[in-house]
Amino acid sequence: MTIAPTDIQAMQLSVKVGAVATLAALPLGFYAAWLLVFGRFRGKLLLELLFNLPLILPPVVVGYLLLLLVGVEGPLGRLLGMAGIRIIFTWKAAVLASLVVGFPLLVRSIRLAMEGIDPQLLQAGRSLGAGPLDLTLTVILPLSRRGILAGSSLFFARSLGEFGATIIVAGSIPGVTQTLPLAIYDYASSPDGEGTALLLCLVSVVLSVAVLLLHETVLQRGKAA
Amino acid sequence: MELELQLRKRQGAFSLTVDLTVSGERLGLFGPSGSGKSSLAGLLAGLSRPDDGRIILDGRTLFDAEKRIDLPPERRRIALVFQQHALFPHLNVRQNLLYGHRRCPAAQRRIELEEVADVLGLTPLLAQQPAKLSGGERQRVALGRAVLASPRLLIMDEPLSALDDDLRHRIIPYLRLVSERFTIPFLFISHSLLEMRLMTERVAVLEKGELRAVVSPEELARQRMGQQPAGYINLLQVGPPRQTQGLLAFPWAGGELLLSDATLPEAGTVELSSKEIILCRRHPEAISARNLLPCTVRHLFDAGRKTGVELDCNGATLIAEIVPDAAHELAITPGSTIWAAIKASAFRRL
């Protein structure tokens with residue numbers, strides 16, 4: 001059993017993809033949750049369905065749809081290509097895959113926190129002179145803090161385990177786009193990779209348990225406050 | 001303050017229709033729960049939108065369906081104090097107090113933190129978190145926060161209902177003090193007649209979403225006497241008492257009132273229900289009631305199933321209630337003299 005440099009890179013890449021995806025998803029997730037809780041517009045139900053779709057679709061389907069969208073021939077891919085940006089089969093594609101697949105979890109968690117805010121606090125804020133944006137930043141954001149933290153850790157954990165969508169849009173290029181789950185898959189399907197596969201599994205378990213612990217701590221503290 | 005309202009609003013099966021022009025600095029909105037009081041407050045503050053009509057406050061149009069004017073709540077400068085204090089849990093007392101103050105246009109900002117904190121007794125609490133405060137303290141912070149926004153109108157929506165009786169009477173002086181000291185006109189919403197009398201000078205009566213009357217709180221209390229479980233509450237201003245045989249003797253109307261309630265042995269207000277007054281045609285020779293006051297009947301008024309009797313007690317006014325039969329039997333008519341007997345335990349200090 002040996003640990004190749006690409007295995008270390010797989011670990012690093014997993015953490016990097018997870019972190020970047022989480023940071024990128026946070027503002028989007030906050031806005032999406034805000035729209036679902038406080039927005040008043042037609043088609044809200046449709047939007048809600050759309051946000052939740054990745055939760056019920058097989059990740060492979062999500063990955064394939066993303067491939068169609070941002071692939072070299074896809075509408076978005078062509079647009080980005082003109083700007084000299086290629087996403088497909090780079091680590092950015094892995095971020096995109098994680099982002100889309102984990103998005104419903106993040107939105108759900110932030111949304112629950114927002115729905116728990118006493119509407120009278122919002123009315124008080126408005127009547128005291130805060131406009132909608134001001135109120136969002138000074139009341140809604142701080143009072144959704146725990147939901148944001150809990151949602152982020154859940155999202156990060158989900159992105160560490162992302163496989164189906166990632167393998168389609170990012171591929172499994174060792175040292176470039178191969179994240180931990182993809183590396184494990186590779187080792188598991190090669191005749192003498194059993195030991196390394198198990199070791200990487202252990203790393204994966206340790207990482208996930210750490211994140212889950214953080215998540216639970218945040219939730220527990222939320223209950224106490 | 002002058003308030004002109006013409007509003008229509010439907011919410012499911014409930015509909016609110018109000019057509020009202022009032023002026024005054026201490027207005028009341030009275031009605032049972034479910035009568036639409038809070039809905040009306042929400043419409044005034046811009047938290048919900050009327051279906052039709054207009055709202056004009058001191059000549060400034062806040063809402064006009066025809067002219068398509070609808071100022072958002074943050075630009076109406078109408079501050080609210082709710083039944084539940086609604087303090088921001090993530091901010092300390094000082095930050096809560098300053099929330100509206102910071103957002104008030106500098107030109108209209110005329111009330112400062114130190115002064116309000118001083119008047120409301122909040123100075124030692126400024127660094128505290130709201131969760132650490134008692135109910136009365138929270139409500140004082142909520143009041144201070146609303147006042148510090150230098151609002152053109154302060155709406156107090158049942159601000160005392162969540163407090164117990166004792167606390168309620170300790171908050172009322174703060175409410176009055178603040179509005180007088182900082183000259184902020186207010187709309188006081190409540191289902192309590194007593195609070196209306198203590199707080200307001202004009203009262204709009206709302207029932208089932210419709211405006212029934214605009215009266216003085218005194219008139220309202222007399223009209224509603226028969227329906228109130230506690231009757232009409234006489235509010236008597238008494239002087240500093242002296243101790244006498246286990247009772248307190250408070251100077252009142254040229255004579256003295258004997259009270260067994262010794263909670264506050266100082267000058268102030270004493271509460272007496274109209275139900276606690278027994279009227280006697282002649283001087284009862286032997287009676288256990290410690291107070292026997294000679295009175296003249298000023299006039300009688302109808303109060304539902306009861307008859308209200310306005311008494312002149314050496315220049316001061318007392319309201320008693322009796323059943324119509326008794327009025328007839330005792331031949332109580334305006335101008336007749338009568339004895340009012342009151343037990344020493346019937347009074348309550350406010």
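## Ground rules

Two strands count as paired if DSSP finds at least two bridges between them. Helices (H or I, at least four residues) and strands (E, at least two) are DSSP runs, numbered from the N terminus.

This is a predicted model, with local features needing pLDDT of at least 70 and side-chain atom pairs counting only at pLDDT 80 or more, while totals for chains, interfaces and linings use all residues. Residues are numbered from 1 along each chain as its sequence is written, chains are lettered from A in the order in which they are written, and side-chain values use heavy atoms, leaving out hydrogens and water.

## A sheet in chain B

In chain B, B:E271 has B:R348 of β22(B) as its bridge partner. Strand β16 (residues 268-273) of chain B pairs with β22(B) in the antiparallel sense, over two bridges.

Both belong to an open, antiparallel sheet of three strands, ordered β12-β16-β22. Because β12 (233-238) and β22 (348-349) of chain B sit at the edges with a single partner strand each, one side of each has no neighbour in the sheet.

## Where A meets B

Chain A puts 18 residues into the contact (heavy atoms within 4.5 Å) and chain B puts in 20. Together they bury about 1600 Å², 66% of it on carbon and sulfur atoms; buried area is the accessible area (1.4 Å probe) that two parts lose on being put together, summed over both.

Two salt bridges (a side-chain nitrogen of Lys or Arg within 4 Å of a carboxyl oxygen of Asp or Glu) cross the interface. One of these joins the side chains of A:R126 and B:E74, at 2.7 Å, N to O. On chain A's side, the elements giving two or more residues are α6 (119-127) and α7 (132-143).
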